[in-house]
Amino acid sequence: MARPAPLAQRVPRPLRGWVLPLGLLLVWWTAFHFGWSTSPLLVSPTAVWERALRYTASGELREALGASLWRNLAGFAIGATGGLLFGAALGFSRRFERVVGPSFHTLKQISLFAWIPLISVWFGLGDAAKVAFLSLAAFFPVVLNTFEGIRSVPRELIEVARVLRLTRWQVLSRVALPSAAPSIFAGIHLALVYAWLATLGAEYLLVAGKGIGNTLIDGREHLQMDLVIFGVIVVGAVGFTLNWLATQIENRLLAWRGSTVAQF
Amino acid sequence: MTTPLSPLLNHRAVLAAAELRAPLAPGVPSAQPRLLSSARRAWRALAPRLVSWPFPLLVLLLWYLGCRFEWIAPQVLPSPATVWATLVDMFRSGDIWLHLQVSLVRVFAGFALGLAAGGALGIAMGLSPTFKDYVYPLFKAFSQVPVLGWLPLLMLLVGIDETLKIVLIAKAALVPVALNTYKGIQGVPTRYIEVARVLRFTRWQLLTKVVLPAAFAPIWNGVRYGFTHAWLALVVVELLASSEGIGYLIVYGRQLFQLDVVLAAVVVVGAVGFALDKALALIEVRLTRWRRAGF
């Protein structure tokens, strides 16, 4: 090559991902250091760091995050369990699907957050309302994916099960559920993502008690940009961790699928 | 046959004749089974649709009875008749159109912005590995924070005006569009690119004639997801910070404890979301028409 490669291609690949974030951080820091703006919204990166340390040390973070996560998991557990049962019923029984399915698909159209005002009337503003809303958020994706997973179990598998004279319970637990597992897990994964989004939404809209969403709201109301930025980072980190955990569990539980293929 | 009414009359005459003949049918050996089987076939076609009605009607009936006999306070759940009256009233007075118009302008502006930015980002990441190396990690981190996480930050930065709503909706649409476009382009078979190279396509031709058509399905999937997210974001942002729009109508009804307004607005939100989703599905059919030509 006569010409040297462009600068962008001379940076080693593993380092490339860091260039942009570090560059942004540098711009932010310079903007603060040289006082480009006198707005109180321009806080220094170190202020955010100090705020993070203080907030963590005082136990406020643990309290807020604990409350949010507890609600998140409670709502998710209720919604996902309900969704699994309902989705399985829809999937296994054509009759049930015909009777209830269309009503379900109609209700599904309603935008998730539009439920909040109704829920606040029915359940108040406390934990009960938030958990109810979260279970609703987790319910829909689990139902849809469980239903589709069970409906797409290959007919041949069921036929083989019949030939082997498996009982209904055996067909369910050894054939249908394992075959539908990837789709069911996809639904649960989606439900986890939605539940986290809904946790924040519930805390913004049903303002009562503690939670990471309330932390963000407080920060905004008191114009504490450092607290808001820190809150956004925490929210992202929690979302990332939940996502990562779900992927790990999914891989672990579905490992048998991969190995059966690899053995041939 | 010359009057415009005649086909109708004719139709009636046929019906009457059929009625007259019906009691005679048992005498005719061949007519009866055929009539019966066609009726059965019609029933078989209709039955699956009919069985879906008893359940919602039962719920509606329970709801009605619950309100009629005041098992539930009307402040907690207004009767279906009230909700329906409110809905009709909102349409008649034109209130709802005003709010709906504001909401639709917002969602389309935000969605268009998110679509353009997400599409450009996805195409750039898909076509240039170097660009992807630089941008993808930051994009991934950015997408980990849900739309609602950005809300307080954006409120501080841009206030609670129209900009906030449009930026937030755009962000909601951007992530799925960019991600699916990128993944779709990654999934284009290498063979296609090789053929295009042999045919000496320019970069632009490669993009518009090979890459984009081949990656159409996943990209379009991203567009639909993007729209669903945009609609969700619209409702949230209007619930939180707005003085007009369909989401605001819900909050307004809630604040005045007029649950009939809330329920009517919720019905409208559901119906509009459904209609827009169906519209996207129709566009998809139209856009993929070229595919059938090949077979």
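This is a predicted model: local features need pLDDT of at least 70, side-chain atom pairs count only at pLDDT 80 or more; totals for chains, interfaces and linings use all residues.
## A helix to start with

Helix H3 of chain B (residues 54–68) has 15 residues, and at 1.5 Å a residue it should span 21 Å; its end C-alpha atoms are 20 Å apart, so the two values agree. The expected span here is 1.5 Å times one less than the number of residues in the helix. Helices are DSSP runs of H or I with at least four residues, strands are runs of E with at least two, and both are numbered from the N terminus.

H3(B) is hardly covered, with 1 buried residue among its 15. A residue counts as buried if 20 or more other C-beta atoms lie within 10 Å of its own, as exposed if 12 or fewer do, and as partly exposed in between, with C-beta atoms placed from the backbone. Just after H3(B) comes Glu70(B), which takes a positive phi of about 55 degrees.

Residues are numbered from 1 along each chain as its sequence is written, and chains are lettered from A and ligands numbered from 1 in the order in which they are written.

The pLDDT is the predictor's confidence in each residue, from 0 to 100. Chain A averages 85, and 95% of its residues score at least 70. Within chain A, confidence is highest in helix H4 (residues 60–92), at a mean of 92, and lowest in helix H12 (residues 255–262), at 55. Two residues are in contact if their C-beta atoms, placed from the backbone, lie within 7 Å.

## The two chains

Chain A has 12 helices and 0 strands, and chain B has 14 helices and 0 strands. Of the 264 residues in chain A, 35% are buried; in chain B, with 295 residues, the share is 33%.

Among contacts with a separation of 6 or more, residues 24 or more positions apart account for 75% in chain A and 70% in chain B. The C-alpha trace of chain A spans about 80 × 70 × 35 Å along its principal axes. Its radius of gyration is 24 Å, whereas a compact globule of 264 residues would have one near 18 Å. That radius is taken over C-alpha atoms, and the globule rule is 2.2 Å times the number of residues to the power 0.38.

## Where the chains meet

The contact takes 46 residues from chain A and 42 residues from chain B. On the side of chain A that touches chain B, the elements giving two or more residues include helix H2 (13–33), helix H9 (168–205) and helix H11 (225–253). H11(A) brings the largest share of that side, 8 residues.

The residues on this side of chain A divide into 31 nonpolar, 11 polar and 4 charged. Here Ala, Val, Leu, Ile, Met, Phe, Trp, Tyr, Cys and Pro count as nonpolar, Asp, Glu, Lys and Arg as charged, and the others, Gly among them, as polar.

## Two loop residues worth a look

Most residues other than glycine have a negative phi. Arg165(A) is not a glycine, yet has a positive phi of about 55 degrees. Arg165(A) lies in the loop between helix H8 (155–163) and H9 of chain A, and is exposed because 7 other C-beta atoms lie within 10 Å.

In chain B, Phe257(B) has a positive phi near 60 degrees. Phe257(B) is found in the loop between helix H12 (246–255) and helix H13 (259–287) of chain B. With 11 other C-beta atoms within 10 Å, Phe257(B) is exposed.
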